[in-house]
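I'm opening a notebook on this structure and writing down what I look up as I go. Here is what I'm looking at.

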Amino acid sequence: MALQTPDPFQREYFGWSEEEFAQRFVEKVSGGRLRQNEAYIDLKLERKSSGQKVKAAYQDVVNLPRLVKTLPGLAANPTPADYLKSVSNFVRDNRGGDLFHWWRKLREGVKTPLFGSADIVNVCNLKCVHCYWWTTREPTAGELTPEQWRTVIQNSYKKMRIANVTVVGGEPMLRKDVVKVFSEEMKNRMSVVTNGTHPMIPINGLYFVSVDGTEETHNRIRGPNTYARMKTNVKNFVDTGGRVDANMTLNTLNYKTVIDVLREWDDIAGRISIQFHTPFIDDDPLWLPFGEERNKTIDSIMEYSSNENKHFVINSKEQFELMRGNWGYKCPNWMILPLDYRGNIKMPCCMGSANKDALQPQCDKCGLAPYSGVLAGLFPIEQIIGN
Ligand SMILES: C[S@@+](CC[C@H](N)C(=O)[O-])C[C@H]1O[C@@H](n2cnc3c(N)ncnc32)[C@H](O)[C@@H]1O
Ligand code: SF4
Ligand code: SF4
């Protein structure tokens, strides 16, 4: 019988138990934040008296729908049948059980991540002017094979009972082999964020395509002809029964086009998520400063939601209120487990790097949707986040 050569592929967390993973990961990401910004407020979990426990449980129940809404998957204009399907998937995949597990841990005073992100690739076919990924990219080899990703998924996201992983990069559609592994392993618990320039394949999850303005503005940010290619690929996928949501990152080049983008994509995309550009350097000209212009932009999106289509924009009112100013000092970065293209843990968040000496995003000017969305949906934030 031929001897099997042991696979030398190893990551430090492969041997960690679930408890150890939660503790070491949370210490790692919180430590990174504390070094970066002294104004950072870490979530303190305090033991409560019985009376306080009853009050807290009541408030959690009241706030639960807000957090559930951050789990992707519900159709744009949900019919009662969509709601039923969504609830049935939720129960069948045991995501409800995992959410309860996360909540129970939190109430026991233990923080654990609920979401994940994975940079599955270390290349991109575009070089968008605003992109954080190019800021910290290391030109080193070491991309993982599909089977190595399977091992990483089992030892990280699955071990930690993660409710949803966002597959990014670089451009993830350049590694369809790995996208397929995520679709198999994280069935109904994965989404892919793509620039849309490559055709999409059917997955057990959701696509988010990045739309960065109306055609001319998008091309200015992402490169010639990128808009037409992206729109054709989305339409082709939607025409064959697929669903694609959109994501727009607002910066000084494109914020004035946001309402036109909403109107144009309302008929094509399922829903749209809006976020703001996060700078890595001081005086970044792409960052839309806090104040009048930013507030007017947020007001106009909220008006669109109330007057034209209340289902299209994913962000909640609470999240938009946070995005008007600095919420990053209380960022719940421990809620999302971010891995780089080698399967190493990134710090302080999905925009950071596993290399602790890499340039860091500026938390006090952060506009990222997933983290502000989670903060807005967290159980009574006024109580569990200090001030
Ligand atoms: C890094 S890309 C990777 C996935 C894919 N290549 C794409 O463009 O969708 C993920 C998302 O991050 C957004 N993004 C890039 N740089 C950003 C920044 N500095 N601040 C906020 N979002 C940013 C992109 O617009 C895109 O929607
Ligand atoms: S396509 Fe995505 S990863 Fe590539 S440069 Fe643009 S934003 Fe960055
Ligand atoms: S998501 Fe924003 S606030 Fe949170 S750690 Fe990353 S840059 Fe900082």
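First, a term I need for the ligands: I call a residue near a molecule or strand if its C-beta atom, placed from the backbone, lies within 6 Å of it. This is a predicted model, where local features need pLDDT of at least 70 and side-chain atom pairs count only at pLDDT 80 or more, while totals for chains, interfaces and linings use all residues. Residues are numbered from 1 along each chain as its sequence is written, and chains are lettered from A and ligands numbered from 1 in the order in which they are written.

**Entry: the ligands**

I began with ligand 3. Of the 13 residues around ligand 3, Gly328, Cys331, Cys349, Cys363 and Cys366 come nearest. I sorted its shell by class, counting Ala, Val, Leu, Ile, Met, Phe, Trp, Tyr, Cys and Pro as nonpolar, Asp, Glu, Lys and Arg as charged, and the others, Gly among them, as polar. The shell around ligand 3 comes to 9 nonpolar, 3 polar and 1 charged.

Ligand 2 has around it Cys124, Leu126, Lys127, Cys128, Cys131, Trp133, Trp134, Gly169, Gly170, Glu171 and Asn195. I get 6 nonpolar, 3 polar and 2 charged residues there.

Which residues come nearest to ligand 1? They are Tyr132, Trp133, Asn195, Ser210 and Thr278, out of 18 around ligand 1. Its shell has 7 nonpolar, 10 polar and 1 charged residues. At least two shell residues come from each of α5 (132–136), β3 (190–194) and β5 (244–250). Those labels are DSSP runs, numbered from the N terminus: helices are H or I with at least four residues, strands are E with at least two.

**Entry: the whole protein**

I counted 14 helices and 7 strands in the protein. I call a residue buried if 20 or more other C-beta atoms lie within 10 Å of its own, exposed if 12 or fewer, and partly exposed in between, with C-beta atoms placed from the backbone. Of the 387 residues in the protein, 40% are buried.

Among the buried ones are Tyr371, Val374 and Leu375.

**Entry: helix pairs**

For helix pairs I use axes, which are lines fitted to C-alpha atoms over the stretch in contact, with angles from 0 to 180 degrees between N-to-C directions. The axes of α10 (residues 258–265) and α11 (residues 292–307) come within 10 Å and cross at roughly 25°. Contact here means that the C-beta atoms of two residues, placed from the backbone, lie within 7 Å. Val258, Ile259 and Leu262 of α10 meet Thr297, Ser300, Ile301 and Tyr304 of α11. By class, this contact has 5 nonpolar, 2 polar and no charged residues.

I then checked α6 (residues 146–155) against α7 (residues 176–185): they pack at an angle of about 35°, with axes 9 Å apart. On the α6 side I found Pro146, Trp149, Arg150 and Ile153, and on the α7 side Asp177, Val178, Val181, Phe182 and Glu185. This contact has 6 nonpolar, no polar and 3 charged residues.

**Entry: single residues**

Tyr13 sits in the segment before α1 (18–36). Is Tyr13 buried or exposed? Tyr13 is buried, because 20 other C-beta atoms lie within 10 Å. Leaving out residues up to four places away in sequence, Tyr13 touches Phe21, Asn155 and Ser156. Tyr13 and Val152 are 139 residues apart in sequence, yet 9.3 Å apart in space, C-alpha to C-alpha.

Ser191 is in strand β3, and Ser191 is buried too, with 22 other C-beta atoms within 10 Å.

Most residues other than glycine have a negative phi, and most peptide bonds are trans. I looked for exceptions. Gly169 and Gly170 are joined by a cis peptide bond, omega about 25°; Gly170 is in the loop between β2 (164–168) and α7. The bond from Met347 to Pro348 is also cis, with omega near 0°, and Pro348 falls in the loop between β7 (336–339) and α13.

Asn94 is not a glycine, but has a positive phi of about 60°. I found Asn94 in the loop between α3 (80–92) and α4 (95–107), partly exposed with 14 other C-beta atoms within 10 Å. Asn225 has a positive phi near 65°, and Asn225 is exposed, with 11 other C-beta atoms within 10 Å.
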